[in-house]
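Subject: Structure handover

Hello,

Here is the structure we discussed. Please open it alongside this note.

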Amino acid sequence: MSNLPSSAIRHPQLTGEQDIVALWFPADWFNQQHRLMLILKHWQKEAQIYRFEQGDLLCYRDARRLYCEKIVGWPMIRLGRTYCSAPLETIEIATLPPADVWLVRSGQVEAMHFSNAEKVSLSNWIDIAGYDFQDTYDCYDALTLNQTELLAKTQDVRTMLGDKIPPVSNEQQQFLQAAKKRAQSNKTVNSSGSLASLASKLISGLISKKTTSAITDSDPQKGLSQVSHWQRWLAKLAMTSGLSSIMGRQHANYIRRMMEMFESDDIENALRHALPLGSDDVSQQQMLGRLQARQNLNVNQSYSGSGAFVGISSQLQQYLQQLYRQQFTRLDQTGRIDEALFVLAELLQVRQEALDYLEKHQRYQQAAELARSWRFPTAQIIRLYCCSGDWQTAVTIARLENGFASAVLLLEPNWPDAAKRLRVEWAQSLAKQGKWLDAVDAVWRLAEEQHQAQQWLLNAESAGGQLAARALVKRSLLLPDTLDIYQSYLSKLIHTADRYQDRAALAAELLAVQQHTPASRGLAKGLVRTMISDQFSGHAQLTGNEITKLIALSDDKVLKNDLPQGKFPSPELKSFEQQKKVIDIIAPEPGLHEIYDAAVLLDQRYLVALGEAGAAIVNSTGQIVSRYSVPAYRIVLAHSRQVALVLTRRDEIWLVNKLDLVLHTVTELGMVKMDVYAQQFDGIIWSIAEGNHIRVVDVERNMGTLWQVNDLPGNVTAVNTTLKEEQWLIMAKEPEFWRYSLPERRLTARDNISLFENSTWIGIDSHSSAIFCSEFVRDQQNGLVLCLHSNKSGYRGTTNRIALPDDMMEKQGRDLQIHLGVCTMLIFAPDEQGQEINLYSKNQTQMCASIHWSEDSTPNIRMLDDGWLIFDRKGRLLHLDWHRSGIRHISVR
């Protein structure tokens, strides 16, 4: 230790709010027992204790933002590598020798070194001799993860009808094997085809026009009844002798035997051998193998449309259609509903008629199962399940595919009671998604449910901000007599200068109304003058045309006469790429909390995940306004921004909790095993993936599975969900990019991604819903260039080239992060000066903004539809609005 004069030290102690890295407890202030209690009180994870002769030093791993006046002991800051109890200036530091600790006290600077201290373990001070220890129980062995499937697998006709359909013939397998061999050999048609054609022409000459017209008549009973037995035999001979397939003779014999089975009422064998007729939505193609009897009488999607498999003539197809129709009529008249259904659905391929036939016989459950297996419109499937009384399946499908509205419209004309029940389920689902006002609209017409609707309206009003303003419009339409008690709220909304965004939300909601009441027009009249003032004072949120419509809605004749001529100003939106120079941005000041994830809410508020400290809502100044006492490391935000999931990883398992950001409630949903997950969901339906298995789960039903795809060609490494589409990146031998349309979840694209030879990274561009990979090349003019290849216009169809400074890219991109969203973001590896984050225009690849991030923490990124969130473990949060050139610095405290 050395003692140095401190007469030149201007500020001998720390005051106010500082980044504290250590606490000093002097021995002449506190005895050893007291120092121990203070260290235990202020202990933090991974802290260290050094015991000097003069006292004890508690050193933190990370700095903590604290008020010095409230600390018992001496607060210490870090000056370079030295702990110091005073804010020394540069000229003062220059006179001091190197040391681990500088204490400014009693007119002296005491320089101390850790080599002269004893490093103490806190465990030496805790007496555990009086405690018995037992082996811990591994709870993981008893852990059960929910894999419940909420939707049963679809069934075909064979499964539903069971023993009522005859068993399969062995002949089918023989024909199948022969067909495969014939298709592989790919032989050409021999001369027998021409002979068959000649025979057909000779026989056709013996058939009268009356007979030809009869066998092709659209009415099976009328047509076939007019033809004698020998004339029908001659007509069949003519039609089957001229078949133009590769195996024409075998095909003719097969079809002839099939016709004989029908005509001799050998129904079982006839149905097992019958050929389905082509449907309008199935492409016509030539079959290259032998005709074969089917394995069963299933209504099989993959077997549909085979009427043209053998290249038969239109005349023969019409005859077969008559034959099948005639058989259907017989089966129906004799009460053989199951076989009649098979003829309609599989042989005639008239699926809508098959569903109508089942409804006629009130077989709604069977109709619903077939409609679902045939991928009929969602509303029709839901209606059938409702009519069958299977409400659980009906509601599950409606939630999965967002089919409530259209299904209610289908039910209301003929099934009003079912429509009411489904409408209530719809409203409750919307409320759980945080769409309070939509829930009110869905159920308001039901008088017995208006009490619940009023509670939802109150919930929306309690949220404050833009949602409360929109709820006021809803109240003016539905409960205008109760609007008087909101005059105080309305007055503050109109006359408080900084609530221009809430006023804009109220105005937009008014303009969206189709039928106004005197109360809603009164809202417009009271609001319009302040909105005009906002437009001219730099807070324009509406376009000029919208302001004009609001004036017309208010019907304020005095205001109309006083208004000057000309157009109203519209919001000036100037994006970062429209700026004339590169914008330099400095990271926010450190806060008091570690931020693991963040999401943007309404009303300039943010939801932040604080790790074991929980989750919190903070305002634009970084102040915490609401807190949730559940561990939170990741955030999944609902589209409504009123509901969120917070995730916490425990080894291989994720603990999931749901937050209601309006009612401020927490619901534990349980534990899920997953590798990747969608960062957005609709409030109920969420997509997750584990390995090569992707699941869509219902968070309100114990995380049960609604829809899944198993045995993908590789592991899912990324999932991106928008309102209209979901994309998966699958790392197989050749990476694949799958795209599903929402909400019906139909596969619209499956692209193979061929990586470039020098590609170092591949990912999803969440903004353009495309896949991209990166490649570094050397250019004589620009030096090192980053090429971003995208499949948006066909893979490798578009390439953005970004010239990189060589001094930042000596390692060929291994220390570079690439994020694609509304723009291209590059994060360069940290150095002694910190990290550099550069934003580039995606079209011109010009740098638009540069962010300097402090070297003491690594930034994390969350992509937004219109910008970025950048945050770190030091409590910094930076929000960039790309389209408005908006920059918001937040330090969470």
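Which residues lie nearest the centre of the second largest pocket? They are Asp 62, Ala 63, Arg 64, Glu 594 and Lys 874, out of 30 lining residues. Strand S2 (17–26), strand S4 (55–67) and strand S5 (74–79) each give two or more residues to that lining.

Before the rest, the ground rules. This is a predicted model, with local features needing pLDDT of at least 70 and side-chain atom pairs counting only at pLDDT 80 or more, while totals for chains, interfaces and linings use all residues. Residues are numbered from 1 along each chain as its sequence is written, and side-chain values use heavy atoms, with hydrogens and water left out.

**Pocket**

The second largest pocket holds about 1100 Å³ of space. S4 gives the most to its lining, with seven residues. By class, the lining has eleven nonpolar, six polar and 13 charged residues. Here Ala, Val, Leu, Ile, Met, Phe, Trp, Tyr, Cys and Pro count as nonpolar, Asp, Glu, Lys and Arg as charged, and the others, Gly among them, as polar. Helices (H or I, at least four residues) and strands (E, at least two) are DSSP runs, numbered from the N terminus.

The search ran on a 1 Å grid over the protein atoms alone. A pocket is an open set of points with protein on both sides within 12 Å along at least five of seven lines; a cavity is a set where a 1.4 Å probe fits but cannot get out. Lining residues have an atom within 4 Å of a point. Points are joined across faces, edges and corners, and a volume is the space filled by probe spheres set on them.

**Cavities**

There are two cavities of 30 Å³ or more. H18 has the largest share, three residues. Four lining residues are nonpolar, two polar and one charged.

**Cysteines**

How many disulfides are there? The count is zero, with a disulfide taken as a pair of cysteine sulfur atoms within 2.5 Å. The sulfur of Cys 386 is 6.8 Å from the closest cysteine sulfur, in Cys 387, so it is too far for a bond. For Cys 848 the closest cysteine sulfur is in Cys 823, at 7.3 Å, again too far for a bond. Cys 386 is buried at 5% relative accessible area, and Cys 848 is buried at 2%. Buried means under 20%, exposed over 50%, partly exposed in between (1.4 Å probe, protein chains only).

**Glu 736**

Glu 736 sits in strand S26 (residues 736–741). Glu 736 is buried, with a relative accessible area of 8%. Its side chain makes a polar contact of 2.8 Å with the side chain of Trp 738 and another of 2.9 Å with that of Arg 750. A polar contact is a pair of N or O atoms within 3.5 Å; within protein, one must be able to donate a hydrogen and the other to accept it, and residues adjacent in sequence count only if both atoms are side-chain atoms.

**Helix H14**

Helix H14 (residues 364–373) is mostly covered, with nine of its ten residues buried. Among them are Tyr 364, Glu 369 and Arg 372. Arg 375 follows H14 and has a positive phi, near 60 degrees.

Best wishes
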